[in-house]
Amino acid sequence: MITTRRATTKDIDAVSELFNEYRMFYQQGTDLALAHEFICERLENQESVIFIALNGSEEVLGFTQLYPNFSSISAKRTWTLNDLYVLPSARRQGVAKSLLNAAKDHALETRAKGLALETAEDNLQAQSLYESFGYTRSTGFFSYFLSTD
């Protein structure tokens, strides 16, 4: 049985461990202190919304992190689903689906225009999952990024 709930500051340690693994999945070095600081700041400053998925033993199996954004054209809030990670041992058990449903429910509850997300071009498994939920691949726009590092 998988349940989801919104993370609180009491969940920082568990979410930080998953966030560190998520970053390593994207070829970043392990840095649990950095992960802890980042997650702590997001939750304490209410800069993101994090949902966690738990099994019947209350073990955290995955998380998703949403960042608020706004659409000037529609004059409505949007959410960016920036992070989604499930422990390898918990994959193919409905954890990601539970987290995606929690994100969608949150968007509906906050009367958002919708949810946006990005994934790597070679992450075909994630693309298939997102498309099964009704996400559509964007066309007609190019994304740009200005690095300030």
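Trainee: What should I know about the model before we start?
Mentor: It's predicted, so local features need pLDDT of at least 70 and side-chain atom pairs count only at pLDDT 80 or more, while totals for chains, interfaces and linings use all residues. Residues are numbered from 1 along each chain as its sequence is written, and side-chain values use heavy atoms, with hydrogens and water left out.

Trainee: OK, do β3 and β4 pair parallel or antiparallel?
Mentor: Antiparallel, over 10 bridges, with β3 at residues 60–71 and β4 at 76–86. Strands here are DSSP E runs of at least two residues, helices H or I runs of at least four, numbered from the N terminus; two strands pair if DSSP finds at least two bridges between them.

Trainee: Which residue is the bridge partner of Phe70?
Mentor: Arg77, in β4. The hairpin has 4 residues between the strands, and Ala75 there takes a positive phi near 55°.

Trainee: Switching to α2, which residues are buried?
Mentor: Ala35, Ile39, Cys40, Arg42 and Leu43. Buried means under 20% relative accessible area, exposed over 50% and partly exposed in between, with a 1.4 Å probe and protein chains only.

Trainee: And why do they line one face?
Mentor: Seen down the axis of α2, the buried residues fall within an arc of 165°, so they line one face of the helix. That arc is taken from the directions from the helix axis to the C-beta atoms. On the other side, Ala33 and Glu44 are exposed.

Trainee: What do the buried ones pack against?
Mentor: α1 (12–25), β2 (49–54) and β3, where contact means heavy atoms within 4.5 Å.
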